[in-house]
Amino acid sequence: MTQLYEIDGYHYIVDLTPYFVLGVLVIALVCAIAVLVRRILASPFRYPYYVARFNVSGRRNVRIEDYIDRHLMDPASWDAIVAHRAYIQNWKHEQEEYLKTCRLRSRRERQYAEAVDDDRAFRFITCRDQTRYKQANYVKTSYKVSMDDSELDVNWEWIVERRSRLAAINDEATLRDYHAKNQRRLMTKQLREQIARRDNYTCQICGKYMPDGVGLHVDHIVPVAKGGKTVPSNLQVLCSKCNGRKGAR
Ligand SMILES: [Zn+2]
């Protein structure tokens with residue numbers, strides 16, 4: 001890389017390569033410093049959200065609250081939520097300790113305040129598997145991706161309140177099912193079988209044993225008409241005779 005100059009009738013050939021190299025180095029250095037400064041100034045706080053995903057592939061009329069209720073009723077999940085709550089509290093405590101001694105303190109305090117997101121600390125997401133196709137070399141192959149469907153973000157108080165409402169009904173149903181107007185609709189084949197197995201296919205009034213299920217009724221102890229719920233504690237096995245007698249009363 002050379003440049004020809006003419007000064008007072010003399011021609012000079014100047015090799016510009018060293019200047020070019022120096023220029024590139026300076027630009028690289030400036031860029032590196034800019035990246036470093038950006039990194040130092042960026043927020044170091046990452047709020048530790050609790051995230052639970054529910055795969056609702058193939059299901060219709062999905063209500064995320066039902067999935068959250070079942071999640072809260074599951075002992076292992078509940079333990080995980082409580083542990084995560086403690087983790088968040090601990091994380092906040094650590095960050096607040098750090099803020100007392102850190103550099104760029106006012107900037108860090110502002111960034112911390114922006115990062116803390118207690119009102120949305122617990123994130124529940126429903127997702128669906130979707131089949132996608134890609135074509136390469138005339139061969140079509142399918143692969144699955146998980147797409148988020150809906151999301152509900154809540155705070156710890158919401159969780160505690162929900163959990164206590166579920167506990168009040170002995171974790172027997174989701175809150176929506178428990179308060180549903182049409183309790184008969186909630187009587188499923190699986191629930192029927194569950195109650196029959198629990199009561200050992202035996203009429204709970206006369207003791208008739210019906211192992212083949214013939215004449216076996218699953219009865220609401222407190223009738224639906226009187227506010228009885230379709231939950232295991234309000235269901236029992238009866239034989240046709242006892243069921244008929246009960247209905248006549
Ligand atoms: Zn009976």
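In the description that follows, a residue is called buried when its relative accessible area is under 20%, exposed when it is over 50%, and partly exposed in between, as judged with a 1.4 Å probe and protein chains only. The structure is a predicted model, in which local features need pLDDT of at least 70 and side-chain atom pairs count only at pLDDT 80 or more, whereas totals for chains, interfaces and linings use all residues. Residues are numbered from 1 along each chain as its sequence is written, and side-chain values use heavy atoms, with hydrogens and water left out.

The protein chain is divided into domain 1 (2–41), domain 2 (50–166) and domain 3 (182–248), the bounds being taken from an automatic or database domain assignment. Between domain 2 and domain 3, the C-alpha centres are separated by 40 Å. Helices (H or I, at least four residues) and strands (E, at least two) are DSSP runs numbered from the N terminus.

A nonpolar patch on the surface is formed by L29, I33, L36, V37, I40, L41 and L104, which together have about 600 Å² of accessible area. Patches of this kind are made of residues with over 30% relative accessible area and no salt bridge, nonpolar side chains (Val, Leu, Ile, Met, Phe, Trp, Tyr) being joined within 5 Å and like charges within 9 Å; the accessible areas come from the Shrake-Rupley method with a 1.4 Å probe, and for residues only the protein chains shown count as cover.

The zinc ion has as its protein donors the SG atoms of C203, C206, C239 and C242, which lie 2.2 to 2.3 Å from the ion. Donors are here N, O and S atoms within 2.8 Å of the metal (3.2 Å for Na, K and Ca), and sites may look incomplete because water is not among the atoms. The angles among the four donor atoms run from 103 to 118°, and the site is tetrahedral, a term that for four donors requires all angles to lie between 85 and 135 degrees. Along the chain, the donors of the zinc ion follow the spacing C-x2-C-x32-C-x2-C. Since C203 lies in the loop between α7 (189–198) and β6 (217–220) and C239 in the loop between β7 (235–238) and α8 (240–248), the pair ties together parts that are 36 residues apart in sequence. Both C203 and C239 are buried.

The structure holds 16 salt bridges, each defined as a side-chain nitrogen of Lys or Arg within 4 Å of a carboxyl oxygen of Asp or Glu. In one of these, the side chains of R176 and D66 meet at 2.5 Å, N to O. R176 lies in helix α6 (residues 175–178) and D66 in helix α2, so this pair ties together parts that are 110 residues apart in sequence. R176 is partly exposed at 34% relative accessibility, whereas D66 is buried, with a relative accessible area of 7%. Helix α2 also contains R70, which counts as partly exposed at 43%; R70 and A173 are 103 residues apart in sequence and 8.3 Å apart in space, C-alpha to C-alpha.

A further salt bridge joins the side chains of E151 and R123 (2.8 Å, N to O), linking strand β5, which holds E151, with strand β4, which holds R123, across 28 residues. R123 also forms a salt bridge with D153, the closest N and O atoms being 4.0 Å apart. Salt bridges that share partners join D117, R120, R123, E151 and D153 into one network. E151 is partly exposed, with a relative accessible area of 36%, while R123 is partly exposed at 22%.

Several loop positions complete the description. D119 lies in the loop between α4 (105–115) and β4 (122–136) and is exposed, with a relative accessible area of 55%; although D119 and V154 are 35 residues apart in sequence, their C-alpha atoms are 5.9 Å apart in space. Most residues other than glycine have a negative phi. N61, however, has a positive phi of about 50° although it is not a glycine; N61 is found in the loop between β3 (50–55) and α2 (64–73) and counts as exposed at 71% relative accessibility. For N137, phi is likewise positive, near 55°, and N137 occupies the loop between β4 and β5 (139–154), where N137 is exposed, with a relative accessible area of 72%.

Technical notes: Four donors count as tetrahedral if all angles lie between 85 and 135 degrees; four count as square planar and six as octahedral if opposite donors are over 155 degrees apart and all others between 65 and 115; anything else is irregular.
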